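This report describes one protein model for a reader new to structural work. Please look at the sequence and the structure below before reading on.

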Amino acid sequence: ATNVGIVYGMDFVGIIGAEFELNTTIADGEYDFGSFGTIDHSTTQFGGYATLTTPGPIYFKGKAGLAYNDTEIGGVGDSGINPAYGVGVGFFGFEVEYTRTSVEVANTDFDIDFISVSFGF
């Protein structure tokens, strides 16, 4: 899936901070069920995270928190709040991050992985 979103981050004390993220699918992705074929999926997500970020122009970040996910897989939708976590690396305002959470749709758990590229200013 191709998503677009916004991120707002705050630094509290040194390396400790918080981050709030909202993103939504603009082009559906496909979930591969092997011999059963593929089905479309889309997600809108709002997350709140505690963050640890190393100082300097080149930095590493870890985050953990909760994410509200509104997900549709193959025409069946569900929503809920689940734990989420991620890691990232950044340099001079440019950041690449991996985030993972899960959702339950039709009594089946699915992991959701996001790789995001962002620019902070």
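## Salt bridges and pocket

Asp-113 and Arg-100 form a salt bridge, with their closest N and O atoms 2.7 Å apart. A salt bridge here is a side-chain nitrogen of Lys or Arg within 4 Å of a carboxyl oxygen of Asp or Glu. Because Asp-113 lies in strand β8 and Arg-100 in strand β7, the pair ties together parts that are 13 residues apart in sequence. Asp-113 is partly exposed at 41% relative accessibility, and Arg-100 is partly exposed at 25%. Buried means under 20% relative accessible area, exposed over 50%, and partly exposed in between (1.4 Å probe, protein chains only).

The model is predicted: local features need pLDDT of at least 70, side-chain atom pairs count only at pLDDT 80 or more, and totals for chains, interfaces and linings use all residues. Residues are numbered from 1 along each chain as its sequence is written, and side-chain values use heavy atoms, with hydrogens and water left out.

The protein has zero helices and eight strands; helices (H or I, at least four residues) and strands (E, at least two) are DSSP runs, numbered from the N terminus. Of its 121 residues, 28% count as buried.

The structure holds eight salt bridges.

| Pair | Closest N and O atoms |
|---|---|
| Lys-63 and Glu-19 | 3.1 Å |
| Lys-63 and Glu-97 | 2.5 Å |
| Asp-113 and Arg-100 | 2.7 Å |

Lys-63 is buried at 5% relative accessibility, and Glu-19 is buried at 6%. Both Lys-63 and Glu-97 are buried. Salt bridges that share partners join Glu-19, Glu-21, Lys-61, Lys-63, Glu-95 and Glu-97 into one network.

The largest pocket has a volume of about 1,200 Å³. On a 1 Å grid over the protein atoms alone, a pocket is an open set of points where a 1.4 Å probe fits, with protein on both sides within 12 Å along at least five of seven lines; lining residues have an atom within 4 Å of a point. Grid points are joined across faces, edges and corners, and the volume is the space filled by probe spheres set on the points. The pocket is lined by 48 residues, and those nearest its centre are Val-7, Glu-21, Glu-95, Ser-116 and Ser-118.

Strand β8 also contains Val-117, which counts as exposed at 56% relative accessibility.
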